[in-house]
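Student: Could we go through a few side chains in this model together?
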Amino acid sequence: MKFRTSHLKNIVFATTLFCFGCISFLQGQDTNFLSKDATRWQMLKYDTGNMFKGILFSYARPFHWEKKQWMEFGGVAATTSILYIFDDQTSEYFVEQSDDIPDFIKDYGWYYGSPQNNYMLTAAVYLTGLGLKNEKLRRTGVLLISSASAAGLLQQMSKYAFGRARPRSGDDKNTFYPFTSDKDYHSFPSGHAILAFTNAYAIAKQFKNPWVKGGIYAVGLIPGVSRLWAGAHWLTDVGVGIALSIATVEAIDKFLDSKYEEKYNQKQKDVSWDLSIGPGQFGVVMRF
């Protein structure tokens, strides 16, 4: 394994400075809600600011973790270590299954996990909420966009910093070439898994029913698994990507609690607008 320590020190130093800057920036933020009679332009400015602040908040959260969060982090680290032992075997298994998987499922996994398609979906949710002046949908859109951006930036930096070999490169799971531009060594973590499951986890917050939540999670897992079929990632790449998605969404959602009065799954008002997801459909439903 080759590792350029001078480059790593520079990145660690820059990241540390950035994180402390995030903390200082967030300490002075207020918790006032937007006026009910605000214009769409005011809503757009307010929401855009919350997207940026939410990203910074998510990066600063580890500095405020308590015992529970550190125990969860330890659990993820332990699970990843166990999965790492079986990366070779699981990679071989998934690649062997590829020919038996219908093309439309693999195509869905690729396209849904791509950044351009991810932002088309998240922007559509937000713009719908903005057009309807619906705070719940606006908040969901803010959560989707800021979570994808925060987690996406982390995975891009991690891929470059770790330089882990992809299974299809021909090198084994222990091969790392940090700071290379060769995409065959940008395996850790999985970007498709992060973007897709970030969306799924955020959207599932709209629903109470565990079966609905489970279905959404299952759909969100497909892009990550599709990368295993393609030999583009190891199982640990996908697992860490999913864990990063959950942590990012939870952090930003916590921040948004102080910025939006409407919470998920509150008692329905006389007229309300919600996301509707089902077989072959995705849209907005008015309830009255």
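Tutor: Let us begin with N50, which counts as buried because its relative accessibility is 2% (buried is under 20% relative accessible area, exposed over 50%, partly exposed in between, with a 1.4 Å probe and protein chains only). This is a predicted model, in which local features need pLDDT of at least 70 and side-chain atom pairs count only at pLDDT 80 or more, while totals for chains, interfaces and linings use all residues. Residues are numbered from 1 along each chain as its sequence is written, and side-chain values use heavy atoms, with hydrogens and water left out.

Student: What does N50 touch, leaving out residues up to four places away in sequence?
Tutor: With contact meaning heavy atoms within 4.5 Å, N50 touches V142, F255, L256, K259 and Y260.

Student: Switching to rings, how many aromatic pairs are there?
Tutor: The count is 13 aromatic pairs, where rings of Phe, Tyr and Trp (its six-membered ring) pair if their centres lie within 6.5 Å, and planes under 30 degrees apart are stacked, over 60 edge-to-face and the rest tilted. The W65 and F73 pair is tilted because the planes stand at 45 degrees, with the centres 5.8 Å apart.

Student: And how exposed are W65 and F73?
Tutor: Both are partly exposed, W65 at 24% relative accessibility and F73 with a relative accessible area of 45%.

Student: What about Y160 and F179?
Tutor: Y160 and F179 form an edge-to-face pair, 5.4 Å centre to centre with 70 degrees between the planes. Y160 is partly exposed at 38% relative accessibility, whereas F179 is buried, with a relative accessible area of 8%.
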